[in-house]
Amino acid sequence: LLLSGEGVNGTIAGDRNALDAIVAHIRNWDGFATMEVKFSHAPAMPFGRLKVKVKREIVTMGVEGIDPRSDAGHYVEAKDWNALISDPDAIVIATRNDFEVQAGTFETAVTPHTLSFRQFPAWFDAEAEKLRAEGRTPKFAMFCTGGIRCEKATAYVRSKGYDEVYHLKGGILKYLEEIPADQSKWRGSCFVFDEREGLVEGLEIAPK
């Protein structure tokens, strides 16, 4: 679990009663009553231990003045995501690191080839310079694992003067949970940071 002034993010595992108890506890904190929670399943405990860290940023971008709580882009529900990324005027961006993208990504998505999230601002600034040279003001559709990283990424893009900035609400995990395989534009598996390693449609564990 990661705690910061930006909020709380993390993945924990246990039986349903234990999980319900800790979620209820966190929802009692000021401002957390409507906290988004996603559930998935595993046949065995996917973590060896519980870790709780206090950080300056939930996901470290290293850019001052970016507030994902107020400045993030427009949320797009999973059911509407296919239409957005099929729009020829949309640039679809994976705000994930290169090893995650290698496991899976959406059709037509641009890959920044970053090794850490700190590299994303410089990558985007270079891309934005190319777009300005071409006279283009596109819309951006951005996605990440659970919806957290792209909140900060879209806030950064908006700080650069772009208005049509969208991101997948709940991230790839919500998309895989809600969108049937025969309608999915996802290719590969979604890398997750636990013993399951990767998930596919229906949040099933990807074959190894």
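The model is a predicted one, in which local features need pLDDT of at least 70 and side-chain atom pairs count only at pLDDT 80 or more, while totals for chains, interfaces and linings use all residues. Residues are numbered from 1 along each chain as its sequence is written, and side-chain values use heavy atoms, with hydrogens and water left out.

- Ala 78, Trp 81 and Asn 82 of helix 3 meet Lys 174, Tyr 175 and Glu 178 of helix 7, where contact means heavy atoms within 4.5 Å.

**Aromatic pairs**

- The structure holds 17 aromatic pairs, a pair being two rings of Phe, Tyr or Trp (its six-membered ring) with centres within 6.5 Å, called stacked if the planes are under 30 degrees apart, edge-to-face if over 60 and tilted for the rest.
- Phe 106 and Tyr 175 form an edge-to-face pair, 4.8 Å centre to centre and with 85° between the planes, and this pair links distant parts of the chain, since Phe 106 is in strand 6 (residues 104-106) and Tyr 175 in helix 7, 69 residues apart.
- Phe 106 is buried, with a relative accessible area of 2%, and Tyr 175 is buried too, at 0%; buried means under 20% relative accessible area, exposed over 50% and partly exposed in between (1.4 Å probe, protein chains only).
- Phe 143 and Trp 186 are also paired edge-to-face, at 6.5 Å centre to centre with 85° between the planes.
- Phe 143 lies in strand 7 (residues 139-143) and Trp 186 in strand 9 (residues 186-188), so their pair ties together parts that are 43 residues apart in sequence.
- Phe 143 counts as buried at 0% relative accessibility, as does Trp 186 at 3%.

- One aromatic cluster is formed by Phe 117, Phe 120, Trp 123, Phe 124, Phe 140, Tyr 156 and Tyr 162.
- Leu 131, in helix 5 (residues 120-134), counts as buried at 7% relative accessibility.
- Leaving aside residues up to four places away in sequence, Leu 131 touches Ile 91, Arg 136, Pro 138, Phe 140 and Tyr 162.

**Charges over rings**

- Arg 16 lies over the face of Phe 39, at 4.0 Å from the ring centre; the rule asks for NZ of Lys or CZ of Arg within 6 Å of the ring centre and within 35 degrees of the ring normal.
- The charged end of Lys 169 sits over the ring of Tyr 75, 5.9 Å from its centre.

**Positive phi in loops**

- Glu 197, in the loop between strand 10 (190-191) and strand 11 (198-200), has a positive phi of about 75° although it is not a glycine, and Glu 197 is partly exposed, with a relative accessible area of 42%.
- Leu 203, in the loop between strand 11 and strand 12 (204-205), has a positive phi near 60°, and Leu 203 is buried, with a relative accessible area of 10%.

Key:
Helix = DSSP H or I, 4+ residues; strand = E, 2+ residues; numbered from the N terminus.
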